[in-house]
Each structure stands twice: as structure tokens, then as C-alpha cells.
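Colleague: I am new to this structure and would like to learn how to read it. Could you take me through the features in turn?

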Amino acid sequence: MMEQWLESTPSWSNIALFFGLGALLLAVVLAFVTYGILAERKVMGFMQGRIGPNQVGGRFGLLQTVADVLKLLLKEDTIPKAADRPLYVLAPIIAFTPSFMVLAVLPFTDSFRFADIGVGLLYYIAVSGLTTIGVVAGGWASNNKYALLGGMRAAAQMISYEIPLVMSALGVVLLAGSMNLVDIVAAQKDVWFIFAQPLAFLIFLIAAVAELNRTPFDLPEAESELVAGFHVEYSGFRWAFFMLAEYVYLFAMAALVTILFLGGWHPVAFLGWIPGAVWFALKFCAVVFVLIWFRATFPRVRADQLMEFAWKVLLPLSLVNIVLTAVVKAWFF
Amino acid sequence: MSGTDIAFFLLALAAIAGGVTMLQLTNVVHMVIALVMTFVGIAGLYVLLSAEFVAVVQVLIYSGAITIIMLFAIMLTRHHTDERERPTTGGVWHKAVAALSVIAFGLAVYFGIRQLDFGADGSALSGDNAKAIGKSLYSYYTIPFEIVSVILLVALIGAIVLAKKDGKGAEDE
């Protein structure tokens, strides 16, 4: 159905339609962020022997995040006197906008997808890199040494881990013969790439956690050494925008892992009667759970370990993976 | 006026506005952010020309990597920000000559590209950009491609040698 809309001739009703669909996706993502944060707090509470939010919105704290967001929106908006005002205001916007733009190329099911472009995977990587500029600009504009350090760390980390991320995804691209995410999912009809590319999956998952700035790679926001990282000086809804960008990337990255390695909307062998959307949601939730699990169980790495790990372990491994994949593809396919 | 024209004018305006803003600003970090606007506008223009691959690479390399490296270089180097408005140097004659040459250059470019023929329309390549580029690169331009990779490698090793020497000198001091 959406395919027909995408290929129909442009008109005002089309514009309204796409605007509506975009707004719908934004609503879905915001709902995910709301309950993703709650799930994270609940799961981490469970793993640490606590209860987690249980006051606002019934026994399970269902309205806790809503209350938190409301508080953030009502908070006084402070801008430090010595801050670089225009850049300080602009930075959260630069950081958030790309996080929503990358969602355009992710195919959620066979029929629910937006842009179908030939270089979908590369588009995701390229556009998500723009967020780094927002983070660095925010850290610099705050005129605070902790914020600046956090911003620098974020930039160094995101650039370093982007390389193993792309290199490991190249194995998948080699097997699927396309960078189009729809084609990549279609190529996993029989075998999911997690089985064909186990090494690439591991590297991709580790690099993804680092790209998301989550524990054990949360150096840009290390509370114990940098107070709060690049957003020390931010408060209220500007701070909320940085957090929102982070959780929208969590959504996007979990969806990307599902698409690249877990077969997207394809069902498990004989359970084909369950619709693709449910399968996608299940795999997606599993990935999000794993990411929360990482956060609750791993200690933070040191800054020097972080860089060494990216350049001396992940990058060579992903190069080996590319060579192996090429050899296997040339001999057996 | 079709949607493509509107998109073209908006993107071209964004690219030019970014460039002009960059020249007008006095703070180096602000300049870099304005430059990003130009890069992204140009990437949008590539998409209009059905060159998605080039557009994405433009965003990846220029807006992503190069901008971050420039920001790093700016922040890591000590620079005395003397942001006082400095009067432009040169008298009336200098300015007049500069203005005239700018106009002459603009006219030359305009007449140069007015009747330029770029050959066949590239929209047929849309969608399979990467494949088409790869095929022609490895079919017709293999040797230049390899030579470029060797040159890049030489530059890389040169950078390492320079950085190493610097470190040793610092140790000796």
C-alpha cells in the first residue's frame, strides 16, 4: 500500500498524507521512548534487586516517564552567562534532527516502510554522524571544561566506532549483494545473517553500543568523572532533546540490528501465520532488552582501553570477516 | 514550477546561505557549523541529480568526518580569539577592482555554463548508483583507482612518520 503512495504523482493530498505518516511514526517513536525508559528502569531495578518506579500510574509506574517529561518541560530554561548563546540553542536541534531522519530508511515490515533508496545502510551511517556535530557544538558552547571534555570524547568515540560498525556491516552487504535494507531483509528469507555472519554480528553489536554512548562505553557522559558529560549545563527541554536523541537512536539501532542480522519481519520456520509486524516487534524488543542488560551488568571501560579496543581489536577482526565472507561467497555461492 | 525546482531553489539557497554566513561570521566554530549547512545543501542537490551514493558519501565524509576533524583541530590548538571588528585593508581602488573581478568571474561562469551539455540524463542510474560506480571503476579505471589508493597510503604513512618524529623530539627535551 505504501509502495503505491510512494510512486504516485505528487500533489497536495500526497504532502498531507506523508506529513500524517511522519507524524504517526514520530508518535510511535515517542511512545517507544516513554516506555523504553520505563522498561530500562524496571529491568535495571530487577537486576540490581530493587523495585524501580512503582508510584506514579499504578503498581508498575506506567506514568513515571510521562511525569518526568512534564517536569522537564516545566523546568526553568537556563542558559549560562558565559555560554555561546546561538550555538548553545542550536546544538540540541542539530543533535536530534538526524536521529529522526535515519528512521526514514528502516523497513519495519513488508508494507510499512518509508524511503526505499539504494544506499539505505550508508544513509543511516552518514546521517547519524551529523549528531556528533551537535554533541561537540553543545559541549563547546556550554563553556564548561567537563562539557567540552565530554563533547571531545563523544566525537572521538563515535568516529572510531563508526569504522568497525561499517566494516562489519560490509559482510552482510557482500552476502546480500545490496545496500538497500529492503533487499537485505529479503536475502534473509532462508538463513538469518546472524547465523551466516556471527563474527560480524558480535562486532556490530559492540560498535552499536559504543555508537549509542551506553555503558560500558558511556565515557562521554561518565557521571563519576565528568559530572554529566557534554550536557552538564543543559536543563529543561534542551536537555530533554539530547536524551530524546539518544533514545531515538536506541530505537533506530535496535531496528537496524533486527534488519541486518535477525531477518527483519521474516518468521521462524513454521510460525509463518503470525504477521511480520509481530515478528519484527519481538526481535526488536529482544535487542533492546540485550542493550539494557549490557547497561546493568558491565563496568565502564577506560578511555585508553576504549580507543585501543576499536582500532586494535574490532577493526582487524572486521577486516578478517570481510575477507572470509568474500572467500566463502566466491566458493560456495 | 515543479516540486524538483522548488527543492532545487531551497537547497541551493541553503548551500549559498551557509557559505555567505561562513564568510560573515567571526568565530571559527560558528564558521564550521555554517560550513556543515553548505555541505548538507550540496548533498541534497546530488540527490536531486539522482546521485544518492555521491550525496550520502558527501554527508559521510564532509559533514561527518572532515567537520569533526576541523572542530578537533580548532579546539585543541590554542588560539587567541581577537574578535574585534577589524577594518578592511586597502583603499577604494582595491575594493573597486575586487568587486569588478567578482562580477567578471560571475559573468564568465554564467556564459560558460549557459549552454553546457552534460550528455545523457543520469536519472536512469538512480537506485543502482553504487553498482554502476563500482562497475565502471573496476572496468575502465582500475589503474587510476589503484594509484590513488597507493597515494593515500603514502600520505597516511607520511602522517605517522611526522607524528612519530614529533613525539621523539618531545621526549628528548
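**Reading the chains and their contacts**

Modeller: From the N terminus on, chain B runs α-α-α-α-α-α. Its secondary structure comes to 6 helices and 0 strands. Keep in mind that this is a predicted model.

Colleague: How many residues does chain B have, and what percentage of them count as buried?

Modeller: Burial is read from how many neighbours surround a residue: 20 or more other C-beta atoms within 10 Å make it buried. In chain B, 13% of the 173 residues count as buried. Another thing to read is how far apart in sequence the contacting residues are. Among contacts in chain B with a separation of 6 or more, 55% are between residues 24 or more positions apart.

Colleague: At what angle do H6(A) and helix H3 of chain B pack?

Modeller: A helix pair is read from an angle, a distance between axes and a handedness. H6(A) and H3(B), residues 52-76, pack at about 20 degrees, and their axes are 9 Å apart. Angles under 35 degrees count as roughly parallel, and H6(A) and H3(B) are therefore roughly parallel to each other. The crossing of H6(A) past H3(B) is left-handed. Residues making this contact include Leu130(A), Ile133(A) and Trp140(A) from H6(A), with Gly64(B), Ile68(B) and Met75(B) among those from H3(B). The residues of the contact of H6(A) with H3(B) are 7 nonpolar, 4 polar and no charged.

Colleague: Into which domains is chain A divided?

Modeller: Domain 1 covers 1-53 and domain 2 covers 79-332. The C-alpha centres of these two domains of chain A lie 17 Å apart. Their contact takes 16 residues from domain 1 and 17 residues from domain 2.

Colleague: Which helix gives the most to the side of domain 1 of chain A that touches domain 2 of chain A?

Modeller: Helix H1 (2-7) and helix H2 (12-47) of chain A each supply at least two residues there. H2(A) gives the most, with 12 residues. That side of domain 1 has 13 nonpolar, 2 polar and 1 charged residues.

Conventions. Residues numbered from 1 in each chain as written. Chains lettered and ligands numbered in written order. Predicted model: local features only at pLDDT ≥ 70, side-chain atom pairs only at ≥ 80, totals over all residues. Axes fitted to C-alpha atoms, helices over the stretch in contact; angles between N-to-C directions. Helix = DSSP H or I, 4+ residues; strand = E, 2+ residues; numbered from the N terminus. Parallel < 35°, antiparallel > 145°, perpendicular 65-115°, else oblique. Left-handed = near helix turned anticlockwise from the far one by under 90°. Contact = placed C-beta atoms within 7 Å. Nonpolar A, V, L, I, M, F, W, Y, C, P; charged D, E, K, R; others polar. Buried ≥ 20, exposed ≤ 12 C-beta atoms within 10 Å, placed from the backbone. Domains from an automatic or database assignment.
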